[in-house]
Amino acid sequence: MDHVKRYVWIGLLLGWISSCNRYTDQQPTPDTGPTAGTAQALIQQYPQAQNTLFTTLVANQLWQATFTQQRQRYQALVSPTRLRTVDQLVEGSLPDSLTRILRSTAVWGGTFSNPRFRQYTGWYTTPFVSGPPSYVYADYTWQQQPYTARWYIVRSNSGVPFYYAELLPFQQASYETDALTDLPESIQSSLRDQKLTFTYATISVEGFNKQQYTVWVNQQNQIWELTYNDAGQLMAAISPQAEPPIQQIDQLPSAIQAYLRRPELAGFDLSRAGALYGYTTRHTYGSLNTYRVSLVKEKQGWLLLFSENGQLISRSFMTISY
């Protein structure tokens, strides 16, 4: 994430020990750095944190913090008043049992870095220091683009483990929230005007000072997943209550068909069994049409979101190994 490190704070947590926090401001948008509430949120969960360094991801809104505690290194996402996520950084390379999952897939050939165990999410789980991690994450550079890779294990009723590997649709960082106030006022206002009941949201960092918001809402007992860009513009809307599945690629708009001819999608076809990512569907929300395209090949799957004119909004990849 070197290209997003526009401001850096070196020192201990703000307000914890009386020392000056130093940073370099090289951008036209001022950034005042983490607040006392940010420090308090981090110390509350990790009271022995030391050697903390803050890096700005979104000016005055979100920082990445790296720190040590009891000889372990950690990486956290923090907002002005809340600790969002904490990962335990792993020294050395990723385990072969994880990396081998991607070796025979369409996305093999990239470079892994920054492996880590997800330890804490401030919304729906509590931190655990002992016991197995629920997820393993790593940065993954593929086709000169940054992705976040994630692995996890699910056991069947018979006890046989299933290994899942994903390339997530966000690039730099992501966290979930059930607080409406974490969304920009323009999005909050839009939800109020449409009388939509907010459930929760995923906020993804796509680059320095650039975010994407995926918001789950309820409208008259119908669930919608709404995706907004950093300007608060609605780009996509999908719902489980969709039209019948699209069965043939030639039923999609021509611009989407053209995208599906990319080399990394060779040999993939529309999912007709609901495997991995479900079916390909068209969703209409007011005057907005969104296409949710699910492609499969053996145990691999792509999930792509398009606007009607063929603009790619997000894409993710998943594979499964027994």
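**Helix 3**

I looked up what covers the buried residues of helix 3, and the cover includes strand 11 (197–207), strand 12 (210–219) and strand 13 (222–228). Covering is a matter of contact, meaning heavy atoms within 4.5 Å. Helices (H or I, at least four residues) and strands (E, at least two) are DSSP runs, numbered from the N terminus. I note that this is a predicted model, where local features need pLDDT of at least 70 and side-chain atom pairs count only at pLDDT 80 or more, while totals for chains, interfaces and linings use all residues. Residues are numbered from 1 along each chain as its sequence is written, and side-chain values use heavy atoms, with hydrogens and water left out.

Which residues of helix 3 are buried? In helix 3, residues 185–193, I find Ile187, Gln188 and Leu191. Buried is under 20% relative accessible area, exposed over 50%, and partly exposed in between (1.4 Å probe, protein chains only). These residues cover an arc of only 100° around the axis, so they sit on the same side of helix 3. The arc is that of the directions from the helix axis to the C-beta atoms. Just after helix 3, Lys195 has a positive phi of about 55°.

**Helix 1**

I turned to helix 1 (residues 36–45), where Thr38, Ala39, Ala41 and Leu42 are buried. Down the axis of helix 1 its buried residues fall within an arc of 160°, and therefore line one face of the helix. The face turned away from that buried side carries the exposed residues Ala36, Gln40 and Gln44. The cover over the buried residues of helix 1 includes strand 2 (50–58), strand 3 (62–69), strand 4 (72–78) and strand 5 (83–89).

**Cores**

I next checked the nonpolar cores, which are sets of buried Ala, Val, Leu, Ile, Met, Phe, Trp, Tyr and Cys residues joined through side-chain atoms within 4.5 Å. The largest has 30 residues, and those with the most contacts inside it are Trp151, Leu260, Val293, Leu295, Trp302 and Phe306. Among the elements that give two or more residues to this core are strand 8 (145–155), helix 4 (254–259) and strand 17 (288–297). Strand 7 gives the largest share, four residues. Apart from this core lies another, of 22 residues, including Tyr175, Tyr213, Tyr228 and Ala237.

**Aromatic rings**

I counted rings of Phe, Tyr and Trp (its six-membered ring) as paired if their centres lie within 6.5 Å, with planes under 30 degrees apart stacked, over 60 edge-to-face and the rest tilted. The count comes to 16 aromatic pairs. Phe112 and Tyr140 form a tilted pair, 4.5 Å centre to centre with 40° between the planes. Phe112 lies in strand 6 (residues 111–121) and Tyr140 in strand 7, so the pair ties together parts 28 residues apart in sequence. Phe112 is partly exposed at 22% relative accessibility, and Tyr140 is buried at 0%.

Tyr259 and Phe306 have ring centres 5.3 Å apart and planes at 70°, so this pair is edge-to-face. Tyr259 is in helix 4 and Phe306 in strand 18, 47 residues apart. Both Tyr259 and Phe306 are buried.

A charge sits over a ring if NZ of Lys or CZ of Arg is within 6 Å of the ring centre and within 35 degrees of the ring normal. Arg118 lies over the face of Tyr137 at 4.2 Å from the ring centre.

**Confidence**

Lastly I looked at pLDDT, the predictor's confidence in each residue, from 0 to 100. The chain averages 83, and 85% of the residues score at least 70. Over residues 1–26 the pLDDT is below 50.
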